[in-house]
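Trainee: I have a new chain to go through. Can we take it step by step, starting from a single contact?

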Amino acid sequence: MIPFSSAVTSELTWSKIPRSRNYQLKRNDKVVGTLEPRSFWSSNLVAETEDGRWTFRRAGFLGTGAEIVDAASGRPIAAFKSCWGGGRGTLTFADGQTFHLECKGWWRPLWSVTTDGGQPVLLLHRRERSVELPAGAAVAGSRVSLLVMFAWYRVLQAEEDAAAAGAVAVIVGS
């Protein structure tokens with residue numbers, strides 16, 4: 001795995017590993033991060049980059065929130081609280097630093113992570129499966145790598161929730 005810091009000014013792309021539930025984040029065909037389920041039955045995902053290894057798990061009322069836990073120690077790192085509708089929320093780290101995650105657009109959704117002051121940290125283009133890291137973001141590299149991995153986790157969580165809601169609608173409508 002190459003260091004995430006080498007990708008800060010470049011576009012990153014996501015790909016699903018065929019015949020698995022695993023994902024890779026790449027820069028020029030070199031892996032900078034992975035996202036893998038803990039087990040076949042678990043909804044918890046483990047993210048890994050050169051900067052660390054974290055577990056993302058659902059939390060809160062009806063599992064609409066999430067927690068980030070250090071994969072080695074089990075120590076909580078951050079908590080995500082989703083706003084009504086699921087397309088927005090706030091991620092608060094144990095050290096008090098806060099970020100906002102928001103999804104805009106229907107046809108070509110754009111997920112963004114901004115600082116508490118509104119400065120963009122990253123833009124995740126869902127359809128293109130790419131991540132942009134705006135130049136000049138005042139966030140440490142290790143935190144940026146965690147934010148990228150968490151934003152992708154939230155995209156996957158939103159897709160999973162939409163699929164479940166669609167299945168319920170089909171069953172209820174029958």
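**From one aspartate to the barrel**

Mentor: This is a predicted model. In it, a polar atom of the Asp 70 side chain lies 2.8 Å from the backbone nitrogen of Ser 73.

Trainee: Which strand does Asp 70 lie in?

Mentor: Strands are numbered from the N terminus. The one that spans residues 65–70 includes Asp 70. That strand is E6.

Trainee: Which side chain of opposite charge is nearest to Asp 70, and how far away is it?

Mentor: Asp 70 is buried and has no salt bridge. A salt bridge needs a nitrogen-to-oxygen distance within 4 Å. The nearest side chain of opposite charge is that of Arg 75, 4.8 Å away.

Trainee: Leaving aside neighbours within four places in sequence, which residues is Asp 70 in contact with?

Mentor: Contact here takes heavy atoms within 4.5 Å. With the sequence neighbours set aside, the list for Asp 70 is Arg 53, Arg 75 and Ile 77.

Trainee: Now the strands. How many bridges join E1 to E2?

Mentor: E1 covers residues 12–16 and E2 covers residues 23–27. They run antiparallel. In this pair Lys 16 stands opposite Tyr 23. The number of bridges is 4.

Trainee: Which residue in the turn between E1 and E2 has a positive phi?

Mentor: E1 and E2 form a hairpin, with 6 residues between them. The phi in question is about 55°. The residue is Arg 19.

Trainee: Which residue in E3 stands opposite Tyr 23?

Mentor: E3 runs over residues 30–37 and pairs with E2 in the antiparallel sense, over 5 bridges. Their hairpin has 2 residues between the strands, and Asn 28 takes a positive phi near 50°. Opposite Tyr 23 stands Leu 35.

Trainee: What is the bridge partner of Phe 80 in E8?

Mentor: E7 (residues 76–82) and E8 (residues 88–93) pair in the antiparallel sense. They do this over 5 bridges. The partner of Phe 80 is Leu 91.

Trainee: How many strands close into the barrel, and what is the average twist from one strand to the next?

Mentor: The order is E1-E2-E3-E4-E5-E6-E7-E8-E9-E10-E11-E12, with antiparallel pairing. That makes 12 strands. The twist from one strand to the next averages 20°.

Trainee: What share of the residues counts as buried?

Mentor: Buried means under 20% relative accessible area. The chain has 174 residues. The buried share is 39%.

Definitions and conventions: Residues are numbered from 1 along each chain as its sequence is written. This is a predicted model: local features need pLDDT of at least 70, side-chain atom pairs count only at pLDDT 80 or more; totals for chains, interfaces and linings use all residues. Side-chain values use heavy atoms; hydrogens and water are left out. Two strands pair if DSSP finds at least two bridges between them. Axes are lines fitted to C-alpha atoms, for helices over the stretch in contact, and angles run from 0 to 180 degrees between N-to-C directions. Buried means under 20% relative accessible area, exposed over 50%, partly exposed in between (1.4 Å probe, protein chains only). Lys and Arg count as positive and Asp and Glu as negative; His and the chain ends are not counted. A polar contact is a pair of N or O atoms within 3.5 Å; within protein, one must be able to donate a hydrogen and the other to accept it, and residues adjacent in sequence count only if both atoms are side-chain atoms.
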